[in-house]
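Dear colleague,

Please find below the structure that I am handing over to you. My notes on what was found in it follow directly after it.

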Amino acid sequence: MAKVKTAYYCQNCGAAYSKWQGQCNTCKEWNTIAEEIIQKEDKKTWKSDKTSKIKAAQPVRISDIETTKEARLKTLNQEFNRVLGGGLVSGSLTLLGGEPGIGKSTLLLQIALQLPYKTLYVSGEESAQQIKMRAQRITPNSDLCYILTETKTQNIFKQIEDIQPDIVVIDSIQTLHTDYVESSAGSISQIRETTSELIKFAKETGTPVILIGHITKDGAIAGPKILEHMVDTVLQFEGDRNHVYRILRALKNRYGSTHEIGIYEMQSTGLREVLNPSEILISKNTSPLSGNAIAVSIEGMRPLLIEIQALVSTAVYGTPQRSATGYNAKRLNMLLAVLEKRAGFRLGAKDVFLNITGGMSVDDPAIDLAVVAAILSSNEDILVEKNVAFAGEVGLSGEIRPVNKIDQRISEAEKLGFLKIIVAKHNKIGLKNTKIEIVLISKIEDLITELFG
Ligand code: TYD
Ligand code: MG
């Protein structure tokens, strides 16, 4: 009988040790090192039954390598395609992470059901009946979607060889286990081994594989960091569970940019794609309120109008509170200091709350101007005129700085019926004959004049 071999792995970063220790030398986390059983003997590739001699790779001249345009399988989900950079690249491994209950399984099942290709949806989390019930809520039946409830990779590969699917979805990587590693499912060595088997399968057959991954309470994808290094694309599905909107982002993408986002709305019939997000992010308030301003931000290539709400009130307790939802709190403090120092507003003794509606989180500096406008509007209790949008960064000396893609921002505001947009004076605007009035300002004082006359 083969001797049982064990090793110690950091459960956070995957570093290996020969004995236990309290702190991981690599990621400096405490108490993350655990013993796992490994077995190096009899290790085989994903095709266990075929004892084919693996050909060693040969070096080739780069000029001799034929370039084939990466074949992409387009899903019918436009937002998903956009985030991936145009569709699933064949032979690629995509990892989708997100909090429990956010809708990862729903999203992938929905995509699988709509696909015009043969899809194998492997679930280690739910029974086939549960998946069927969910599928019935989402969309009519599909003849091309196969469900397999199995967690052992060897069995999964056996089924794959029978069915020959065009796309494989694994829900989730933490439930898989392989025969060649002894430790329990979800442990570092299992995750690493099952993922590398799947990578071999994907690369050898050209089948795209999508993995669902759990995340830890700090928001990182559970399992070793190397899981993220191993796959080609890492997507994150996020959003507030109390809100209906969900955002899909690429954190890593070997075949496209990581700037794109996809927006979905969770409905009782599954996830609806939100193709014109600006419309939903602006609340359709009939009676405007002070403290609201509209910013034109850019996410990836898409302009996005978002509503900023501020509430400024006299502090009840000694220390004033500052809180920001969806916006960097340090940046809020910086803007408040600028308003205090450069424009003479006494905000030091006031509570300031800032909220970006729709559960969005934005780090585009171009929304500074709208943040300042919302704060001033709430502080003075004067409405920001309806149909005015803002796009500009605010610097430390109170200057308004230019932002990128200004033409796109202006066009989007115009398209959505805004009558006026306030931007930095030094922004080079290429647009001609716009119906929207473009107001150029260079300092905070100009903004104050513009807002309050
Ligand atoms: P799920 O896909 O199971 O989340 P995850 O796989 O990320 O853990 O999503 C579950 C949530 O989505 C659940 O709270 C109910 C909700 N939901 C809807 O609102 N509408 C629907 O049509 C479906 C299928 C789920
Ligand atoms: Mg799930």
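Cys-10 is buried, with a relative accessibility of 0%, where buried means under 20% relative accessible area, exposed over 50%, and partly exposed in between (1.4 Å probe, protein chains only). Cys-27, at 23%, is partly exposed. If a disulfide is taken as a pair of cysteine sulfur atoms within 2.5 Å, the count comes to zero.

Please note that this is a predicted model, in which local features need pLDDT of at least 70 and side-chain atom pairs count only at pLDDT 80 or more, while totals for chains, interfaces and linings use all residues. Residues are numbered from 1 along each chain as its sequence is written, chains are lettered from A and ligands numbered from 1 in the order in which they are written, and side-chain values use heavy atoms, leaving out hydrogens and water.

Ser-189

This residue belongs to helix 5 (residues 188-205); helices (H or I, at least four residues) and strands (E, at least two) are DSSP runs, numbered from the N terminus. Ser-189 is buried, at 6% relative accessibility. Its side chain makes a polar contact (a pair of N or O atoms within 3.5 Å; within protein, one must be able to donate a hydrogen and the other to accept it, and residues adjacent in sequence count only if both atoms are side-chain atoms) with the side chain of Ser-183, at 3.2 Å. Beyond the neighbours within four places in sequence, the residues in contact with Ser-189 include Tyr-9, Glu-36 and Val-181, contact meaning heavy atoms within 4.5 Å.

Helix 8

Helix 8 (residues 329-343) has 15 residues. Among the buried residues of helix 8 are Leu-332, Met-334 and Val-338. The elements that cover the buried residues of this helix include strand 17 (322-325) and helix 9 (368-380). After helix 8 comes Gly-344, which has a positive phi near 70 degrees.

Ligand 1

Which helix gives the largest share of the shell around ligand 1? Helix 2 does, with three residues. A backbone N or O atom of Gly-101 lies 2.7 Å from an oxygen atom of the ligand. In the side chain of Arg-137, an N or O atom is 3.2 Å from a nitrogen atom of ligand 1.

Yours sincerely

Terms used
The expected span of a helix is 1.5 Å times one less than its number of residues.
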